[in-house]
Amino acid sequence: MSLPKTLENTAVISNMEVSPNIRKLILYAPNIVSQARPGQFVHLKVSASSDPLLRRPFSIGSVSLKDNALTIFYRIVGRGTEMMAQLKENDVVNCLGPLGRGFELNGKRPLLIGGGMGIAPLLFLAERLYPRPSQVLIGGRTETELFWRRFFTASCERIVLTTDDGSIGMRGTTIDALPELLAEKFDMVYACGPKLMLKGVVDKVRDAGIPCQVSLEEHMACGLGACLSCTCQATDGTRKKICADGPVFWAKEVVW
């Protein structure tokens with residue numbers, strides 16, 4: 001069940017590059033911040049006009065209750081995000097959220113696993129799990145893609161890295177690193193990233209007998225469950241709306 005949704009005119013606090021083509025946008029959004037939980041997302045209207053027509057969905061990367069600040073990370077991949085990259089301090093951004101079903105914070109010794117932009121929601125999750133002894137496993141193609149690691153240092157007791165080219169951490173993928181990690185007796189796994197990665201994680205975690213929650217990535221249109229453009233097959237025989245029934249699911253709920 002998702003929390004109440006707010007339509008809020010937020011103000012840009014900062015909009016900075018953190019890695020090539022990836023930016024960190026911080027918005028003053030007191031109403032959304034007060035309701036947000038890890039795993040949820042927001043829908044941004046990226047211009048004051050009706051062009052582009054559709055809002056853009058972004059995972060909540062962090063919130064500061066003290067500063068009423070909402071942080072999202074985005075990759076510049078098209079016209080909408082190119083427009084976002086031009087946002088300046090005090091610009092107004094209409095924001096709908098928080099949306100969707102978030103993570104259940106019931107792990108006492110959790111392992112967080114992420115890849116690509118799927119790492120973003122794990123930052124907020126790690127902050128809320130702290131001071132539980134969380135570990136995080138993140139993977140990318142090169143060291144440059146793992147700029148995320150600096151954002152986990154305050155909330156995770158251990159950060160494990162993998163890269164395809166071996167430029168930092170273990171050479172290989174997050175799936176390659178899992179067997180050794182899972183021997184450490186975690187009681188909950190949280191994962192977000194590309195579907196192929198998630199399937200590999202779910203297979204390994206199932207074999208280890210550890211409960212797992214996954215956050216699914218999908219193109220979204222309305223973000224409210226009305227248009228049915230983002231669905232997945234569930235084990236109960238139905239199709240679930242990722243934006244409304246998710247994006248977080250128990251791994252056992254999804255047909256992989």
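**Exercise 1. Which side chain does Lys 240 meet in a salt bridge?**

Solution. Lys 240 and Asp 236 meet through their side chains, at 3.4 Å from N to O. A salt bridge here is a side-chain nitrogen of Lys or Arg within 4 Å of a carboxyl oxygen of Asp or Glu. Lys 240 is partly exposed, with a relative accessible area of 26% for Arg 109 and 24% for Lys 240 itself. Buried means under 20% relative accessible area, exposed over 50%, and partly exposed in between (1.4 Å probe, protein chains only). 

To restate that step plainly: Lys 240 has a relative accessible area of 24%, and Arg 109, which returns in Exercise 2, has 26%.

The model is predicted: local features need pLDDT of at least 70, side-chain atom pairs count only at pLDDT 80 or more, and totals for chains, interfaces and linings use all residues. Residues are numbered from 1 along each chain as its sequence is written, and side-chain values use heavy atoms, leaving out hydrogens and water.

**Exercise 2. Which residues do salt bridges with shared partners join into one network?**

Solution. Start with Glu 157. It bridges to Arg 109, with the closest N and O atoms 3.7 Å apart. Glu 157 sits in the loop between helix H4 (149-152) and strand E10 (158-163), and Arg 109 in the loop between E7 and E8, 48 residues apart. Helices (H or I, at least four residues) and strands (E, at least two) are DSSP runs, numbered from the N terminus.

Next, take Glu 184. Its side chain meets Arg 158 at 2.7 Å, N to O. Glu 184 lies in the loop between H5 and E12 and Arg 158 in strand E10, so this pair ties together parts 26 residues apart in sequence. Glu 184 is partly exposed at 27%, and Arg 158 is partly exposed at 35%.

Now join them. The network holds Arg 109, Glu 157, Arg 158 and Glu 184. The whole structure has ten salt bridges.

**Exercise 3. Arg 23 is buried yet has no salt bridge. How far away is the nearest side chain of opposite charge?**

Solution. The nearest side chain of opposite charge is Glu 17, 4.8 Å away. For charge, Lys and Arg count as positive and Asp and Glu as negative; His and the chain ends are not counted. Then look at the backbone: the Arg 23 side chain reaches the backbone oxygen of Asn 15 at 2.7 Å.

**Exercise 4. How many residues does each domain give to the contact?**

Solution. The assignment gives domain 1 (6-99) and domain 2 (110-253). Such bounds come from an automatic or database domain assignment. The C-alpha centres lie 22 Å apart. Domain 1 gives 25 residues and domain 2 gives 21. Contact means heavy atoms within 4.5 Å.

Conventions:
Polar contact = N/O pair within 3.5 Å; in protein donor to acceptor, adjacent residues only side chain to side chain.
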